[in-house]
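A short briefing follows, grouped by topic.

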Amino acid sequence: MQVTTGMGGDPGWQDGAMLPQAPEVPATPAKPRPWRVLWIAAGFLSLALGLLGVVTPILPTVPFVLLAAACFARGSARWEAWLLAHPRWGPMVRDWRATRSVPRRAKWWASGMMALSCGLAAWRAPWWASLLAALMCLSVATWLWRLPDSKR
């Protein structure tokens, strides 16, 4: 290959084949393995807490499932796809991602469970713990009811 020089001895890059080639860059850079493992572990922990929230009135389910989906999205495309395809949790996660909305039925259910939890806390817990639980539940309920209703 012959390089032509222009004025002042600089190479003349008139021919496109003579331009330097950029190195190959992968479309999506892979995360280092330790970070992937931590994201996947956080996803499973969130999913476990969400599943525990199904049977425990004080623990919320939906936020933990949404957090699991976010963790899986950063750590494992396979586990994210599994959660999105899940018949029970997948539609909820897809609705949240598409419209940032929650079904009205879920809002009522969550509010009722939070009220039950606060009632149990007021009955069995010290006054300061009951007050803390009530403030947290009120904050979550306010945030939840300000979200738009989904079509489901």
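How do the residues of the lining of the largest cavity divide into nonpolar, polar and charged? They divide into six nonpolar, one polar and no charged, where Ala, Val, Leu, Ile, Met, Phe, Trp, Tyr, Cys and Pro count as nonpolar, Asp, Glu, Lys and Arg as charged, and the others, Gly among them, as polar. This is a predicted model, in which local features need pLDDT of at least 70 and side-chain atom pairs count only at pLDDT 80 or more, while totals for chains, interfaces and linings use all residues. Residues are numbered from 1 along each chain as its sequence is written, and side-chain values use heavy atoms, with hydrogens and water left out.

**Cavity**
- The count comes to one cavity of 30 Å³ or more, a cavity being a set of points on a 1 Å grid over the protein atoms alone where a 1.4 Å probe fits but cannot get out.
- The largest cavity holds about 40 Å³ of space, the volume being that filled by probe spheres set on grid points joined across faces, edges and corners.
- Val62, Leu66, Met92, Trp96, Ser101, Val102 and Pro103 line the largest cavity, lining residues having an atom within 4 Å of a point.
- At least two residues of this lining come from each of α2 (62-75) and α4 (90-99).

**Fold**
- The chain has six helices and zero strands, taken as DSSP runs (helices H or I, at least four residues; strands E, at least two) numbered from the N terminus.
- Of the contacts in the chain with a separation of 6 or more, 55% are between residues 24 or more positions apart, a contact meaning heavy atoms within 4.5 Å.

**Burial**
- Of the 152 residues of the chain, 28% count as buried, that is, under 20% relative accessible area with a 1.4 Å probe and protein chains only.

Notes
1 Å grid on protein atoms, 1.4 Å probe; cavity = no way out; pocket = protein on both sides within 12 Å on 5 of 7 lines; lining within 4 Å. Buried < 20%, exposed > 50% of the residue type's maximum accessible area, 1.4 Å probe, protein only.
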